[in-house]
Amino acid sequence: MLSSENIRKDKLKYIRMAAVISLTGNALLAVLKIIVGTLSSSTALIGDGIDSASDVVISLVTFFVAKTISKPADTGHPWGHGRAEIVATVFLSFIIFFAGAQLIIASISNLINGNQQMAPSIIGILAALVSIIGKCLLAWSQFKLGNRAGSSMLKANGKNLASDMLISFSVLIGLVISILTRSMFADTIFAVLIGAWIIKTAIGIFLEANLELMDGNKDTEPYRVITEAVDAVEGAYHPHRARMRRVAGFWDIDFDIYVDPKATVYKAHQIASQVEKEIKLRLENVYDIMIHVEPLGDDALETFGLSEDQMQGRGEENGMGK
């Protein structure tokens with residue numbers, strides 16, 4: 001089993017690798033689409049190029065985040081700097097949102113003001129095809145490296161690039177229609193639709209990142225791991241007041257267990273340590289586990305965290321204890 005330090009180093013390596021790939025690929029595609037879009041009079045292709053330019057900014061942010069999360073914990077950040085990743089993910093969602101909004105505003109303005117240019121040329125179709133292939137490869141690389149690193153930021157960028165692939169496909173359709181009809185109307189309409197899709201992607205990324213910022217968790221399976229680990233250790237009973245959160249892809253776990261009130265401090269510590277080992281055998285990427293020991297029979301009111309029933313899916317799904 002890899003140590004937390006080795007896992008962290010691997011994560012940084014994959015993040016940097018993903019950033020280099022994304023930066024290089026998107027920079028080339030942005031230049032290609034903006035130049036060709038200008039030459040071929042395609043608003044949608046120019047908008048697609050601007051979106052790729054925003055992906056270059058995302059790659060630069062990724063470099064910054066990799067440098068930040070590599071810093072060790074200090075007096076100002078005793079939990080380390082892992083939260084920088086999720087904060088950056090929120091920042092990226094705003095960049096993506098405003099890129100889509102700007103494209104919609106510019107396209108609608110062209111329609112209202114009647115700024116219709118000549119129909120786009122065939123070279124725009126070639127640029128769109130190159131973009132589709134390029135975005136497909138970039139999205140695949142971000143998802144693959146994001147899964148290896150356990151990085152929400154890279155996965156979010158993968159979703160963004162996958163959306164970009166659909167955007168480029170929409171641009172291709174708009175260009176074909178515009179060339180066949182000798183009109184810019186279809187190209188401009190598709191530009192508006194592309195902007196709406198970009199905004200939708202941005203909102204989805206923001207909501208997912210916000211869940212982690214709020215220490216939320218949609219996956220209930222890790223809570224079942226706690227109950228299974230406690231059940232596997234003799235002398236440990238009834239886990240409760242459980243809280244789990246993600247910190248830069250790692251689990252921070254906190255919960256209480258009951259032990260025999262006559263057990264010595266040393267024995268209670270051994271039981272808690274064994275429960276911790278059982279959890280780490282069942283759950284990957286654990287950052288820290290805090291287990292509070294209570295005497296069996298002391299049924300204190302649970303004012304926060306999840307009860308044993310809730311962890312096993314028998315209690316109130318959204319409750320915070322009883």
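Helices (H or I, at least four residues) and strands (E, at least two) are DSSP runs, numbered from the N terminus. In this predicted model, the protein reads α-α-α-α-α-α-α-β-β-α-β-α along its sequence, with nine helices and three strands. Residues are numbered from 1 along each chain as its sequence is written, and side-chain values use heavy atoms, with hydrogens and water left out. Local features need pLDDT of at least 70 and side-chain atom pairs count only at pLDDT 80 or more, while totals for chains, interfaces and linings use all residues.

**Whole protein**
- Of the 322 residues, 46% are buried, meaning under 20% relative accessible area (1.4 Å probe, protein chains only).
- Contact means heavy atoms within 4.5 Å; among contacts with a separation of 6 or more, 72% join residues 24 or more positions apart.
- The protein has an accessible surface of about 16,300 Å², and carbon and sulfur atoms contribute 64% of that.

**Helix 5**
- Helix 5 covers residues 152–181, and its 30 residues should span 44 Å at 1.5 Å a residue.
- The expected span is 1.5 Å times one less than the number of residues; the end C-alpha atoms of helix 5 lie 43 Å apart, which agrees.

**L154**
- L154 belongs to helix 5 and counts as buried because its relative accessibility is 1%.
- Beyond neighbours within four places in sequence, L154 contacts Y14, I15, A18, T62, Q142, L145 and G146.
- L154 and A19 are 135 residues apart along the chain, with 8.7 Å between their C-alpha atoms.

Conventions: Buried means under 20% relative accessible area, exposed over 50%, partly exposed in between (1.4 Å probe, protein chains only). Accessible areas come from the Shrake-Rupley method with a 1.4 Å probe; for residues, only the protein chains shown count as cover.
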